[in-house]
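Opening my notebook on this one. I'll jot down what I looked up, one topic at a time.

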Amino acid sequence: MDRNVAQERENDDVNLHESGKSDGSILSNVNEVPQELLFSQLGIELEEDHEMQFENLPIEMLDAVFRRLCNPKDMLHCRQVCTQWKTEVDFILQTDPTQSVRTKIGSIEQLRNLVYQPSSPSGNPFPSKKLRYGRFSSEPMEESALDKLYQSFAYVSKRFGHQVLSLQYCVIMDNRKSARQLRHIPTNFGNLEELCIYLRGLSAAVQSHIIKAFGLPKPKNVNDVYFPPVVFEMKPGDTRSPMELGIAESLRARNSFFLEDNQPSTVPQLQKLKSLHIFSIDSPTIVDGFLERYGSQLEALEVDSSSICEGKYFATHQFLKLKSLKVYMASRDLISPKSLVSAENLPGLESLTVDFAVSFSKITLGQLVTFLDELPRTIKVLHVSVELEWVKISDEDQARIGSLKMFPNLTVLTISSTFLKNPTLLERLLSRIENLKVLKLELLTRGDIRKELEQEDNTVCEVMRRIFRKHPSLVDVLLVRNDFTWRLLINEYSCGEIRRYFVEDRSDIDKDCKVEFVDLSMVG
Amino acid sequence: MALVRVISSDGAAFLVSQRLAKRSGKLKTEIETFRKSSDNSEAQPEIRIVTIRAEILRLVLQWLQQHQNDPVLPANQNEQDGRGDAEMGQSQWDRDFLAPMDLGIVMELILAANHLEVKGLLDITCKLVESKITGRTVDEIRTAFKLKSDFKGNEEEQTRLENRWCVEN
């Protein structure tokens with residue numbers, strides 16, 4: 001292919017390079033033009049030391065560079081370089097929800113640092129306005145230190161609460177102060193947009209503290225209060241077993257609070273709260289309470305499957321603003337008898353993550369099809385982490401997958417890589433997603449992925465070619481790992497690679513399905 | 001073949017095919033505006049880029065020429081498909097193209113790519129700058145970018161302390 005460039009004098013009378021023939025590119029190759037000749041003939045003096053300073057770069061370009069930094073440590077280094085960089089980095093940390101840097105207060109030393117160090121010029125000790133408070137680590141900590149840490153939350157919240165936009169708070173079941181101190185959140189964190197509550201153990205007492213602290217409605221029927229068995233240490237002379245003691249204690253706590261009359265709440269509403277994450281299994285009482293009080297303003301929700309399956313509220317109400325839903329430890333209950341995640345209750349949902357894999361729940365193809373059929377068609381990103389029971393595939397299910405309602409908005413789909421073993425089914429599924437751009441096939445197997453992939457490489461490439469041929473919108477197919485499952489199961493395996501399939505030229509797909517490894521850390 | 005004349009801030013004129021020029025969002029808009037306002041459909045558009053000097057404009061055109069057959073990426077490609085830029089890959093030609101440039105030139109290229117709306121070039125130049133930050137200490141970053149600390153009093157120490165309390169989520 002000819003590549004031509006011409007540079008003309010501004011007055012048009014001298015062509016430095018005649019064009020000759022061209023196929024539509026620049027008229028003659030700029031590389032071939034001696035630079036000295038080019039500019040001397042134009043009468044332009046090239047500045048020998050023409051060097052631009054980085055500080056002259058407009059703020060939006062600085063922003064573009066900083067946002068590309070993958071490692072938060074690099075981001076933090078940048079805010080130490082100069083005041084302009086600090087201002088820009090802080091802005092990104094505070095406004096970009098994907099930035100994960102947060103200030104951590106999880107020990108007495110960190111607490112001391114926060115309280116006794118002079119505050120920064122802006123008076124804000126939280127660069128990202130994100131705070132993580134409490135003892136998240138399972139390493140032992142002295143009871144007195146733990147008490148002090150949680151008692152100090154009152155002071156920290158009064159002094160700094162209004163500056164925090166995102167709060168992660170850990171409640172420890174054995175430390176009642178950790179649950180009681182939650183009451184400072186609605187009063188002092190008026191600007192809070194995101195709240196994550198981690199519950200290390202759940203008891204009736206913890207549930208009652210949370211409900212009181214946030215002014216959540218109590219369940220109308222006391223029997224709806226989830227009643228986790230709590231094991232207590234036996235006291236001398238007590239003839240009851242630890243389990244019996246625990247049940248008695250839980251009953252006492254439940255009855256003393258949940259049987260009281262419902263009083264109208266005087267706890268202020270967190271008006272700006274739009275993202276809620278409750279990390280605890282079996283907490284329908286809490287989740288139902290939060291959904292009843294905050295459901296109409298939530299845009300993002302992350303909970304475990306049992307909390308919404310066993311609750312009453314999620315299944316019976318609409319969440320008009322909810323755009324993102326993550327359900328972890330998902331079980332079959334989410335699907336039958338009627339999918340909880342449906343177009344009826346989530347009419348504006350754009351992103352859904354459902355992780356069946358962590359709870360080791362296998363589902364049948366028929367259940368998967370039922371689940372997919374109910375989903376709102378507004379979804380743009382769908383991540384279903386599941387291992388299917390491939391032995392139970394009926395002809396009827398195979399036919400149903402090809403007649404699913406179309407997903408017109410879906411552009412990113414993650415499903416199990418085991419679909420590769422049944423390419424016809426995979427193609428039928430993809431035929432229902434006309435605008436798919438990225439297909440992520442998730443590896444859930446526990447074997448040596450690399451060996452497995454190498455053995456199947458030719459077969460997989462052939463499947464990929466077929467997929468690319470039939471789906472013109474598709475840009476990439478990525479083989480990815482379910483990170484959560486892998487961390488949980490195989491700590492010693494630290495595969496840093498995934499496999500990416502793509503085509504550069506669609507006119508030649510049959511020959512040109514390319515494969516490369518990509519650093520896993522680069523993939524969002 | 002339809003041509004367009006693109007003139008740099010220091011007066012150098014580049015005669016470029018319209019097909020190639022239209023791979024820049026900015027030039028495409030200018031050409032279309034010219035077509036709408038011109039009575040003569042054969043007239044050759046002339047576009048002055050007052051913010052980009054010849055040396056930089058030449059590099060942009062060189063990059064466009066090399067990548068003339070790439071798919072044109074929408075400006076918000078990554079938001080749409082959930083992938084990072086790194087996944088888009090960088091060719092050996094791109095690496096050779098950028099290798100001899102000092103940071104000053106790269107920064108001018110970033111500005112030019114942004115102004116002319118050439119997303120692919122913007123991505124690789126920003127990535128190069130990013131690589132000058134990744135894994136370096138604060139002093140090394142200052143040296144690489146020829147920047148001096150302008151913190152007053154205990155501001156720098158305070159910033160360092162704030163960073164010490166930070167963790168990745």
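Before any packing angles, a note on method: axes are lines fitted to C-alpha atoms, for helices over the stretch in contact, and angles run from 0 to 180 degrees between N-to-C directions. Helices (H or I, at least four residues) and strands (E, at least two) are DSSP runs, numbered from the N terminus.

This is a predicted model, where local features need pLDDT of at least 70, side-chain atom pairs count only at pLDDT 80 or more, and totals for chains, interfaces and linings use all residues. Residues are numbered from 1 along each chain as its sequence is written, chains are lettered from A and ligands numbered from 1 in the order in which they are written, and side-chain values use heavy atoms, with hydrogens and water left out.

**Entry 1: the two chains**

I started with chain A, which comes to 19 helices and 17 strands. Of its 524 residues, 53% are buried; buried means under 20% relative accessible area, exposed over 50%, partly exposed in between (1.4 Å probe, protein chains only). I then looked at contacts, meaning heavy atoms within 4.5 Å. In chain A, 73% of the contacts with a separation of 6 or more come from residues 24 or more positions apart.

Chain B has nine helices and four strands. I read its order along the sequence as β-β-α-α-β-α-α-α-α-α-α-α-β. Its 169 residues are 51% buried, and residues 24 or more positions apart make up 63% of its contacts with a separation of 6 or more.

**Entry 2: helix α10 of chain A**

How many of the eleven residues of α10(A) are buried? I get ten, so this helix, residues 204-214, is mostly covered. Among the buried ones are Ala204(A), Val206(A), His209(A) and Ala213(A).

Next I checked its packing on helix α12 (residues 284-294) of chain A: the angle is about 10° and the axes are 10 Å apart. That makes α10(A) roughly parallel to α12(A); the classes are roughly parallel for angles under 35 degrees, roughly antiparallel over 145, roughly perpendicular from 65 to 115, and oblique for the rest. On the α10(A) side I found Gln207(A), Ile210(A), Ile211(A) and Phe214(A), which meet Thr285(A), Ile286(A), Phe290(A) and Arg293(A) of α12(A). By class this contact has five nonpolar, two polar and one charged residue. Here Ala, Val, Leu, Ile, Met, Phe, Trp, Tyr, Cys and Pro count as nonpolar, Asp, Glu, Lys and Arg as charged, and the others, Gly among them, as polar. A reminder to myself: an α-helix has 3.6 residues a turn, so residues three or four places apart point the same way.

**Entry 3: two serines of chain A**

Ser208(A) sits in α10 of chain A and is buried, at a relative accessible area of 6%. Where does its side chain reach? I find the backbone oxygen of Ala205(A), at 2.8 Å. Not counting residues up to four places away in sequence, Ser208(A) touches Phe257(A) and Phe258(A).

Ser275(A) is in strand β6 (residues 275-279) of chain A. At 11% relative accessibility, Ser275(A) counts as buried. Its side chain has a polar contact of 2.8 Å with that of His277(A); a polar contact is a pair of N or O atoms within 3.5 Å, and within protein one must be able to donate a hydrogen and the other to accept it, while residues adjacent in sequence count only if both atoms are side-chain atoms. Leaving out residues up to four places away, Ser275(A) touches Glu193(A), Glu194(A), Leu195(A), Leu298(A) and Ala300(A).

**Entry 4: α6 and α7 of chain A**

The axes of α6(A) (residues 143-151) and α7(A) (residues 153-160) come within 4 Å and cross at roughly 25°. These helices are therefore roughly parallel to each other. I list Leu149(A), Tyr150(A) and Gln151(A) against Phe153(A), Ala154(A) and Tyr155(A). The contact has five nonpolar, one polar and no charged residues.

**Entry 5: Leu98 of chain B**

Leu98(B) lies in α5 (residues 92-98) of chain B and is buried at 5% relative accessibility. Beyond its neighbours within four places in sequence, I see contacts with Leu109(B), Ile124(B), Thr125(B) and Leu128(B).
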